[in-house]
Amino acid sequence: MGGPGCGKGTQCKNMATKYGFCHVGLGQLLRQEAQRNTQRGRKIHDIMLQGLLVPTGTILDMISNAMLSRPESRGFLIDGFPRELRQAKEFERIVGRAPDIVIVFDCSMDTMVRRALRRGRVEHRADDCEQAIRQRLETYYTLCGPVLTFYQQKKLLCNILAEEAPENIFAKCCSVIESLQ
Ligand code: AMP
């Protein structure tokens, strides 16, 4: 978990490569879907551009499909999830268990805005413009509180300070993963 520009995509990709986990990057899967010229694709595109959440049913379908398509995987890194309490609860209902750990990348608002604006310039990502970033931050801060409490009570939450260089943050991620094995 983490707000836009906290570095979760980069870190999840690196952890998946190092430990052989399947990386389920929801933002990435949704961006692919949003490029399709279908009613569903256009709806997802509009929601993302507004910085709002795609309906939970769609998200859980994507996660289930991704997990079921890789039954041999030694683990799954679900990146950008859950973003609201309902997603956390539905995940447990569908998968039948809680995750092993929930990593939260903590970052100041200034850092997140700076990183997302830079990514928008480099990667031409449509929702990395100032207006969408502001709304994504608002969505994150409004909805993440109950999710954090939910996992804190289950003692599954692990906060990582994500202000430093990516390699330093990665070292912290590796310690967390290795402490689980
Ligand atoms: P991200 O790449 O993680 O910043 O996600 C980009 C956008 O995809 C978000 O602003 C949401 O519109 C959508 N999105 C990603 N993950 C989720 C999720 N778990 N639930 C709902 N919408 C999501």
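**Entry 1: two backbone details**

I began with H124, which I found in the loop between α6 and α7. Since I am working with a predicted model, I noted its backbone angle as a computed value: phi of H124 is near 55°, which is positive although this residue is not a glycine. I wrote a reminder beside it that most residues other than glycine have a negative phi, and that most peptide bonds are trans.

With that reminder in mind I looked for a peptide bond of the other kind, and I found that F81 and P82 are joined by a cis peptide bond, with omega at about -10°. P82 belongs to the loop between β2 and α5.

**Entry 2: the ligand and its shell**

For R83, a polar side-chain atom lies 2.7 Å from a nitrogen atom of the ligand. For V54, the atom concerned is a backbone N or O, and it lies 3.1 Å from a nitrogen atom of the ligand. For K8, a polar side-chain atom lies 3.5 Å from an oxygen atom of the ligand. I also noted how far the ligand is covered: taken alone it exposes 480 Å², and the protein buries 96% of that.

**Entry 3: the largest pocket**

Rolling a probe the size of a water molecule over the atoms shows where empty space is left. I wanted to know which pocket corresponds to the space taken by the ligand, and I found that this space is the largest pocket. I recorded a volume of about 1,200 Å³ for the largest pocket.

Its lining is made of 48 residues, and K8, G9, R31, R119 and R125 are those that lie nearest the centre of the pocket. I noted that at least two lining residues come from each of α1 (8–19), β1 (22–25), α2, α6 (109–123), α7 (130–153) and α8 (166–180). The element that gives the most to this lining is α2, with seven residues. By class, I wrote down 18 nonpolar, 16 polar and 14 charged residues for the lining of the largest pocket.

**Entry 4: the second largest pocket**

I finished with the second largest pocket, for which I noted a volume of about 690 Å³. There are 29 residues in its lining, and I marked F76, L77, P99, D100 and I101 as those nearest its centre. The elements that each supply at least two residues to this lining are α1, β2 (76–79), α5 (85–95), β3 (102–106) and α8. Which element, I asked, gives the largest share of the lining of the second largest pocket? It is β2, which supplies four residues. Sorted by class, this lining has 21 nonpolar, three polar and five charged residues.

Notes. Residues are numbered from 1 along each chain as its sequence is written. This is a predicted model: local features need pLDDT of at least 70, side-chain atom pairs count only at pLDDT 80 or more; totals for chains, interfaces and linings use all residues. Side-chain values use heavy atoms; hydrogens and water are left out. A polar contact is a pair of N or O atoms within 3.5 Å; within protein, one must be able to donate a hydrogen and the other to accept it, and residues adjacent in sequence count only if both atoms are side-chain atoms. Accessible areas come from the Shrake-Rupley method with a 1.4 Å probe; for residues, only the protein chains shown count as cover. On a 1 Å grid over the protein atoms alone, a cavity is a set of points where a 1.4 Å probe fits but cannot get out, and a pocket is an open set with protein on both sides within 12 Å along at least five of seven lines; lining residues have an atom within 4 Å of a point. A molecule sits in a cavity or pocket if more than half of its atoms lie within 2 Å of its grid points. Grid points are joined across faces, edges and corners, and a volume is the space filled by probe spheres set on the points. Ala, Val, Leu, Ile, Met, Phe, Trp, Tyr, Cys and Pro count as nonpolar, Asp, Glu, Lys and Arg as charged, and the others, Gly among them, as polar.
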